[in-house]
Amino acid sequence: MCGIVGVVSTAPVNQLIYDALLLLQHRGQDAAGIVTQEGRKFFMHKAKGMVRDVFRTRNMRALPGSIGLGQVRYPTAGSAASEEEAQPFYVNAPFGIVMVHNGNLTNAKQLRRELAETDHRHTNTESDSEVLLNVLAHELARASSGASLTTDDVFAAVRAVHLRIKGSYAVVALIAGYGLLAFRDPFGIRPLCMGRGADGTVMLASESVALEGTLHRLERDIAPGEAVFVQLDGTVQTRQCAQQPRLYPCVFEYVYLARPDSIMDGISVYQARLNMGETLAKRVVSTVPPSQIDAIIPIPESSRPSAMQLAQLLGLPYREGFVKNRYVGRTFIMPGQGTRKKSVRQKLNAIASEFKGKRVLLVDDSIVRGTTSKEIVQMARDAGAVKVYLASAAPPVRHPNVYGIDMPTRAELVAHDRTEEEIRQVIGADALIYQDVAAMKQAVGKINPGVQGFEASCFDGLYITGDISDEEVTALNEGRQRGGEDDEEDTSRLSLPNAQE
């Protein structure tokens with residue numbers, strides 16, 4: 001999962017892109033990068049680490065120009081250990097192109113072979129983003145036929161890209177001397193929106209919060225399959241480039257990934273989480289009578305809206321029972337299981353007075369491995385709770401994700417091949433309540449009836465692009481697992497920071 005931004009302005013954009021990346025930091029903390037353009041020359045700085053650590057004053061001064069792009073990265077393909085795989089990526093022909101990408105290509109292996117054997121283009125990393133960049137570069141060269149690039153050529157190239165690549169992708173690219181190109185996959189799985197500043201600056205970003213937080217007005221989301229080309233003077237041209245575009249955004253954006261103050265595809269993330277709390281309340285009542293619950297306690301932080309709505313509907317006290325320490329290493333970068341358990345205790349601390357002698361219902365946004373959930377349930381018991389119930393605002397995560405969320409392999413998912421009762425026993429809760437898949441989709445979708453459906457494969461096992469078999473899921477996850485071993489990743493819930501951090 002990554003956060004991307006692109007800007008065309010009449011003023012220097014280095015600080016603006018930096019500020020936007022800070023607002024998207026929750027989408028990736030492995031690496032960050034910015035490219036700007038002055039004249040026909042690109043200026044780039046990228047490195048592993050968080051935005052505030054990657055960019056110092058000397059780096060910012062070396063990024064002149066009024067057009068640029070940036071990315072914060074959490075790797076889902078390739079190796080997190082390789083600084084070469086930090087984005088943006090660059091190719092010098094044709095024209096000179098730099099690109100950032102959020103998503104995951106499911107046919108990257110096939111494309112890499114085509115690039116080498118047919119297109120005669122070289123890729124130097126294991127990143128699928130480098131593959132995507134080279135496919136785009138090849139199609140731009142074909143469309144322009146060696147002549148100067150026209151807007152029609154740009155859109156023709158994007159049409160060809162859509163026909164070749166599979167998976168999820170939101171892309172922003174700079175073409176030296178021409179302008180900024182952005183496009184989204186035909187299902188709109190990964191988010192991308194556009195807005196303007198009072199001075200006419202055009203900005204594209206993964207989430208609306210990056211626009212609003214930098215004083216830009218959100219205009220609209222980029223449609224599935226649509227391409228946007230912003231010329232150097234700020235002129236914006238758009239065109240639908242996919243044959244059968246359909247809007248099926250990733251539902252996990254609303255469950256966990258996005259900031260609650262973002263609006264994505266016309267859906268308020270905060271309202272979506274409130275709605276999920278409302279539907280979860282019906283599931284709770286059918287499992288645990290409200291008279292047997294003394295307090296509703298969220299597991300920080302993404303679950304708070306759902307927990308608040310749940311408490312209000314059940315007429316029960318809402319309490320903050322856990323305090324989060326934001327300044328410790330995240331659980332997913334700890335090298336061993338024992339270290340991870342210690343890190344959960346360092347990251348969350350229970351307020352004993354909210355648990356002692358009480359029957360508590362803990363609410364989490366989702367349960368993936370179950371390791372952290374098990375530890376938190378035990379923390380509540382150690383703090384004096386006499387009963388500990390656990391509710392998940394999302395359904396059981398039973399299937400791997402192949403569209404850009406770094407989830408464990410199928411065997412590592414606590415819900416894989418287990419009934420809800422077996423999961424409850426593993427986690428150690430007195431009762432376990434999950435959201436229903438259909439209810440979750442309805443709760444989020446009713447905010448914008450224009451959304452045709454959701455990519456929810458980790459819950460329902462249906463891969464919307466139609467090109468994913470069980471064997472391909474296994475192969476994609478084996479690749480992810482090899483990368484994880486090299487990178488010393490150890491996911492307990494997800495390989496991502498909490499969405500409100």
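Trainee: Which residues does phenylalanine 459 touch, leaving out residues up to four places away in sequence?

Mentor: In this predicted model, phenylalanine 459 touches Val251, Phe252, Ala394, Pro395, Pro396, Val397, His399, Val437 and Met440, and each of these counts as a contact because heavy atoms lie within 4.5 Å.

Trainee: What makes Phe459 part of a nonpolar core?

Mentor: A core of this kind joins buried residues such as Phe, Val and Tyr through side-chain atoms within 4.5 Å, and Phe459 is listed with Phe252, Tyr254, Val397 and Val444 as having the most contacts inside the largest one, which has 37 residues. Among the elements that each supply at least two residues of this core are α8 (252-257) and α15 (457-460), and α8 gives the most, with five residues.

Trainee: Why is serine 145 called exposed?

Mentor: Its relative accessibility is 64%, and exposed means over 50%, so serine 145 counts as exposed. Serine 145 lies in the loop between α5 (128-144) and α6 (151-164), and its phi is near 55°, a positive value in a residue other than glycine.

Trainee: What is omega for the peptide bond from alanine 93 to proline 94?

Mentor: For that bond omega is near 0°, and the bond is cis; proline 94 lies in the loop between β5 (89-91) and β6 (97-105).

Methods. Residues are numbered from 1 along each chain as its sequence is written. This is a predicted model: local features need pLDDT of at least 70, side-chain atom pairs count only at pLDDT 80 or more; totals for chains, interfaces and linings use all residues. Side-chain values use heavy atoms; hydrogens and water are left out. Buried means under 20% relative accessible area, exposed over 50%, partly exposed in between (1.4 Å probe, protein chains only). Helices (H or I, at least four residues) and strands (E, at least two) are DSSP runs, numbered from the N terminus.
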